[in-house]
Amino acid sequence: MAKLFNMKKEELKLPNARLSYFPDFLSEYEASELFDIIKDQTNWRQDEVVVFGKTYQQPRLTALYSSSNKSYSYSGLTMHPEPFPEYLWPLKNRLESTSHIAFNTLLMNLYRDGQDSNGWHADNEKELGINPVIASISLGEERPFHFKHRSLKEERHKLILE
């Protein structure tokens, strides 16, 4: 993987949040190779979720990995993790070296095309604790990543993930 010391970093000033973006975290080649490996070797699933009392098929595929055996629940769904596969350890180690934070769980989403999505959510499940740190790595096509403040309605931001 590429050297970390020359990595470009962008900071976004958001109320009640800190966001750092590393557009060169992976080279185009690394991202493409990793995307193919993850897409082919992951045990993907499509679960049903409950949103405002109605049950829907998630508009994406998911997989949960963890170094602990703790389940993760959201939208009426409880996922039970599998151990981190060998092909994810280099990425996990690199993320932890860059962020100086130890991560123990990985929720992967596969957006099969431009129609798959993930709706507004707060990452405020009790399992995540108070003020959780969320790392997001995007592979594949460029996509917009939207942020909005829960109470300051004018605070909306969009970041194009390269």
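pLDDT is the predictor's confidence in each residue, on a scale from 0 to 100. The model is predicted, and its mean pLDDT is 86, with 93% of residues at 70 or more. Among the elements, helix 1 has the highest mean pLDDT (95) and strand 3 (residues 48-51) the lowest (79). Helices (H or I, at least four residues) and strands (E, at least two) are DSSP runs numbered from the N terminus. Local features need pLDDT of at least 70 in this predicted model, side-chain atom pairs count only at pLDDT 80 or more, and totals for chains, interfaces and linings use all residues. Residues are numbered from 1 along each chain as its sequence is written, and side-chain values use heavy atoms, without hydrogens and water.

The largest nonpolar core contains 19 residues. Such a core is a set of buried Ala, Val, Leu, Ile, Met, Phe, Trp, Tyr and Cys residues joined through side-chain atoms within 4.5 Å. Buried means under 20% relative accessible area, exposed over 50%, and partly exposed in between (1.4 Å probe, protein chains only). Leu26, Ile38, Trp44, Tyr65, Leu88 and Met108 have the most contacts inside the core. Two or more core residues come from each of helix 1 (28-41), strand 5 (61-66), helix 2 (89-99) and strand 8 (105-110). Contacts are heavy atoms within 4.5 Å. Leaving aside residues up to four places away in sequence, Trp44 touches Ile38, Lys39, Leu61, Thr62, Ala63, Met108, Asn109 and Leu110.

Helix 2 has Leu91, Lys92, Arg94, Leu95, Glu96 and Thr98 as its buried residues. These buried residues pack against helix 1. Glu96 lies in helix 2 and counts as buried because its relative accessibility is 18%. A polar atom of the Glu96 side chain lies 2.8 Å from the backbone nitrogen of Phe103. Beyond four places in sequence, Glu96 touches Ile101, Ala102 and Phe103. His100 follows helix 2 and has a positive phi, near 60 degrees.

Two aromatic pairs are present. Rings of Phe, Tyr and Trp (its six-membered ring) pair if their centres lie within 6.5 Å; planes under 30 degrees apart count as stacked, over 60 as edge-to-face and the rest as tilted. Phe84 and Trp89 form a tilted pair, at 5.4 Å centre to centre and 55 degrees between the planes. Phe84 is buried, at 12% relative accessible area, whereas Trp89 is partly exposed, at 35%. Phe145 and Phe147 pair edge-to-face, at 4.9 Å and 85 degrees.

How values were computed: Polar contact = N/O pair within 3.5 Å; in protein donor to acceptor, adjacent residues only side chain to side chain.
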